[in-house]
Structures are given as C-alpha cells and as structure tokens.
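Visitor: I have a model open and want to learn to read it. Can you take me through it feature by feature?

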Amino acid sequence: MESRLFVLFLSKLPLLALGGCLLLLGGCSVFQQSADEAAEELPPVIDPEVERRDIKVPKIDSENFEVGLYGGLMSIEDFGSDSVVGARVAFHATEDFFLEAVYAQTQAGRTSFEELSGAVELLTPEERDYTYYNLSLGYNVLPGEAFLGQSWAFNTALYAIAGVGSTEFAGDDRFTINAGFGYRVILNDFLALHLDVRDHLFDIDLLGEEKTTHNIEYHFGFTIFF
C-alpha cells in the first residue's frame, strides 16, 4: 500500500512543480503592476516645464549700406573753431568691420597774429574754405545694448575708426590722416544716431615752419540703413 502511494506521489510531482511555478510568475506580475501604478502616482522630483518669456528680436534690415548727414564743431589749429556739416556713406563688410566715406566742409577763422596785427590777412576768404573727404576703416570695439526704462532696448556700438583722405585748405590740397572714436545707437530697423570725435592731421607751412596740425572735430548725426 505504501509503495503505491509513493509511486502515485512521484507521478504527480511534475504537475505540482508546474503549479508552483505558475503561482510564482503570477505573484511577480502582480508586484510589477503595483510598482508601475505607484510610480505613475508619485509627482516628478524635477518639473521640466519652464515658462518661456517672449523675446522681441530687433528687426534690423539685412542691407549693409548706411547713408546719413552730420553736423558739429571743428577746431582748426591756429584758425579757431567753426561749425562743420558733412555727409557719410558706410558699408558694413562684416559684423565687426565697416568702411566709411565722408565729405564735409567748414570755415577757418583768423589767427591770433591776424587779430593782433589788425589789417594783416594771411588768407583770402576763398582760401579760408576748409573741405575734406576721406575713406576710413571702422571696427566695432564694444557692441552692446542701451536700455531706456524697462520697455526699451537699443543696439549700440562703440567703434574705433581711422583712414586717409585729402583736405583743401589755404589754397592747397593736403594729404590727411584721420582717427577717432564713435558711438552708434540703432533706434529702429532703419535709423541710427552717431556721435563722433575725429582728429584730422596734415602738414602745413603757412606760418613759416612746416608742422603737423591736429584739427579736432566733434559731430552728431543720423544715418539710414538700406
């Protein structure tokens, strides 16, 4: 009797093992489903949603040419100061470098020698006309922005510029070197304001000994991009 029970147990042993495995797999599946549901209910540690603020990109014309007028004050060495008016054309070759051509004119005054002597005139009225033109290379040293209150921002640039040209003064054309700095403020997509300081250097021997004169110019103007 005992031997038959033992044989019956051995014959049912594979079925018992298979049932145990099925129960174990079912338990694992239920545990995994519970873990997934718990993970879905928990809030994320880092919220990736970041509120983006609206940025208004300046609508600057893509054209690289600039044309405008300017006016200011020019100090001619030994001949006093007078107003100056001129025109400029610029080509922006790259984001940093630009070429500029200008033409301007002013009027020379009387020297201290003429003032003290009374009737002596070193130059005729026509020879006191002072005109110059030059071609210069500019470099935007400090591009940036200027803010007006909390609602207005303007693109700006502090630039250095230098070049060569010619000055017609005292009845002669004189090779001239100019150098200086300027500050540009772009008001909108086509209009810009400029504030410049230039030194114009040329040789002259009108008062006897030849010397290099420094003629300082301060001017303010506007330009239009096209």
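Visitor: What share of the 226 residues counts as buried?

Guide: Buried means under 20% relative accessible area, exposed over 50%, and partly exposed in between, with a 1.4 Å probe and protein chains only. Here 27% of the 226 residues of the protein chain count as buried. Keep in mind that this is a predicted model: local features need pLDDT of at least 70, side-chain atom pairs count only at pLDDT 80 or more, and totals for chains, interfaces and linings use all residues. Residues are numbered from 1 along each chain as its sequence is written, and side-chain values use heavy atoms, leaving out hydrogens and water.

Visitor: How many helices and strands are there?

Guide: Both are DSSP runs, numbered from the N terminus: helices are H or I with at least four residues, strands are E with at least two. The protein chain has two helices and eight strands. Along the sequence they follow α-β-β-β-α-β-β-β-β-β.

Visitor: How does E1 pair with E2?

Guide: Two strands pair if DSSP finds at least two bridges between them. E1 and E2 (residues 81–92) are antiparallel, over 11 bridges. Leu73 stands opposite Ser83 in E2. Five residues lie between the strands in this hairpin, and Asp78 there has a positive phi near 75°.

Visitor: And what joins E2 to E3?

Guide: A hairpin of four residues. These two strands also pair in the antiparallel sense, over eight bridges. Val89 has Ala101 in E3 as its bridge partner.

Visitor: Which residues touch the most other members of the largest nonpolar core?

Guide: A nonpolar core is a set of buried Ala, Val, Leu, Ile, Met, Phe, Trp, Tyr and Cys residues joined through side-chain atoms within 4.5 Å. The largest one has 15 residues, and Met74, Ile76, Phe79, Tyr130, Tyr132 and Phe169 touch the most other members. E1 (65–75), E3 (97–107), E4 and E7 (191–204) each supply at least two residues of this core.

Visitor: What does Tyr130 touch?

Guide: Contact means heavy atoms within 4.5 Å. Leaving aside residues up to four places away in sequence, Tyr130 touches, among others, Met74, Ile76, Phe169, His200 and Phe202.

Visitor: Is Asn140 buried or exposed?

Guide: Asn140 counts as buried because its relative accessibility is 7%. Asn140 sits in E4 (residues 129–148).

Visitor: Which side chain makes a polar contact with the side chain of Asn140?

Guide: A polar contact is a pair of N or O atoms within 3.5 Å; within protein, one must be able to donate a hydrogen and the other to accept it, and residues adjacent in sequence count only if both atoms are side-chain atoms. For Asn140, the partner is the side chain of Arg184, at 3.4 Å.
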